[in-house]
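I opened this notebook page to record what I looked up in the structure. The entries follow in the order in which I made them.

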There are 2 protein chains.
Amino acid sequence: MIDKTKFPDIAFRKHDHRRCQRQLLTEASQLCATRKLRLTPRRRQVLEIMLASHQPMGAYDILARLNRADSAERIAPPIVYRALEFLMAEGLIHRIESRNAFITCAHPGHESAAQFLICRDCERVAEVETSAQSLLAEADNLGFAVDHSVVEITGVCAECQKHAG
Amino acid sequence: MIDKTKFPDIAFRKHDHRRCQRQLLTEASQLCATRKLRLTPRRRQVLEIMLASHQPMGAYDILARLNRADSAERIAPPIVYRALEFLMAEGLIHRIESRNAFITCAHPGHESAAQFLICRDCERVAEVETSAQSLLAEADNLGFAVDHSVVEITGVCAECQKHAG
DNA sequence: TATCGTTACGTTATAATATAACAAAATGAT
DNA sequence: ATCATTTTGTTATATTATAACGTAACGATA
Ligand SMILES: [Zn+2]
Ligand SMILES: [Zn+2]
Ligand SMILES: [Zn+2]
Ligand SMILES: [Zn+2]
């Protein structure tokens, strides 16, 4: 069992990635079973493709891999986007907004908002736990040189909350 | 002079927006003059269009307004994207990654990374100046009900910094 | 196991966002 | 006036995402 709370930068280190993959697939299965949701072959297939690395993938990258796998079929975009939609809704993957790309969740089932350290060189992504700690401090801790940070909080402003009443 | 440090939620309040517009245009002019950069008619026009409101605009929204303004010309996407590129490079506007949209900077020339509170109801955006850790507290302060937060820190991981040597 | 409502998948077309590549014009420094 | 540089204009195309609608699989129930 890889504890990503202790090694939040696992994505940036050499490690037994097979174990990552197995562990996350198992967690995904269990999570879906618990919630009585169907991790269908397609959804599982997309998740497996995404588990190939700790780099985010664009929907069309995933699509290309799907079409390379089953040389007979001609999979179309909506299939991929639907699988991504399901996986995101269940917190098995996250969207990296600044890249229009998607990445597997490092610890499925977490409550707090996901936060990422994205290396613009190797393109690997580490998912860190929000907790109380400052993310920038955490980055500094990990020796991660911050280049650009995107912080976007979406919600409803006070005025609109009144009107909605 | 509107002090957005004292009123970080100015975008969510009733206020004299003409003053916002005038003030930001003046700041933009001065900033470009200081840096010996050209705030050309096109760039200024795009900035003015964006100053219409505190809501982010897509590149094609801006394009549509350009084409409505000069009914003769047929402005094409690259023109808009180039103006946006310039304005972003100089910190006069910011990109809202989670919306593929752009918004004028609330206080041009600031050093720290921009952070936003985006209302998914009225779609107005407040730019706040706080550290990442206290942003959620700030949101709470302003009565902003957080719905979804995107925190993306891009940089170079420790390993890649070694290889780059 | 036949039926039926629901969920997931497949297919086609198209919308929305963004950039490549190259030509023409404007700028500003000799 | 000339020329290098920057900015703008133009055409075409790449990339990302969704609408709309039909088919198949599933899973509960009779
Ligand atoms: Zn791994
Ligand atoms: Zn996660
Ligand atoms: Zn205003
Ligand atoms: Zn700003």
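**Surface near DNA strand D**

I began with residue classes: the surface near DNA strand D has seven nonpolar, two polar and nine charged residues. I counted Ala, Val, Leu, Ile, Met, Phe, Trp, Tyr, Cys and Pro as nonpolar, Asp, Glu, Lys and Arg as charged, and the others, Gly among them, as polar.

I noted the conventions next: this is a predicted model, in which local features need pLDDT of at least 70 and side-chain atom pairs count only at pLDDT 80 or more, while totals for chains, interfaces and linings use all residues. Residues are numbered from 1 along each chain as its sequence is written, chains are lettered from A and ligands numbered from 1 in the order in which they are written, and side-chain values use heavy atoms, with hydrogens and water left out.

I then looked up which residues come nearest to DNA strand D; of the 18 around it, they are Y60(A), R95(A), T40(B), R42(B) and R82(B). A residue is near a strand if one of its heavy atoms lies within 4 Å of it. Sugar and phosphate make up 49% of the atoms of DNA strand D that come within 4 Å of the protein. The most residues on this surface, four, come from α4(A). I took helices (H or I, at least four residues) and strands (E, at least two) as DSSP runs, numbered from the N terminus.

For polar contacts (pairs of N or O atoms within 3.5 Å), I recorded T40(B), with a polar side-chain atom 2.4 Å from a phosphate oxygen of DNA strand D. An N or O atom in the side chain of R82(A) lies 3.3 Å from a base nitrogen of DNA strand D.

**Surface near DNA strand C**

Here α4(B) gives the largest share, four residues. I found a side-chain N or O atom of Y60(B) 2.6 Å from a base nitrogen of DNA strand C. R95(B) places a side-chain N or O atom 2.6 Å from a phosphate oxygen of DNA strand C.

H94(B) lies in strand β1 (residues 93–96) of chain B and C105(B) in the loop between β2 (101–104) and β3 (115–119) of chain B, so the pair ties together parts eleven residues apart in sequence. I noted both H94(B) and C105(B) as buried, meaning under 20% relative accessible area (1.4 Å probe, protein chains only), with exposed over 50% and partly exposed in between.

Definitions and conventions: Polar contact = N/O pair within 3.5 Å; in protein donor to acceptor, adjacent residues only side chain to side chain.
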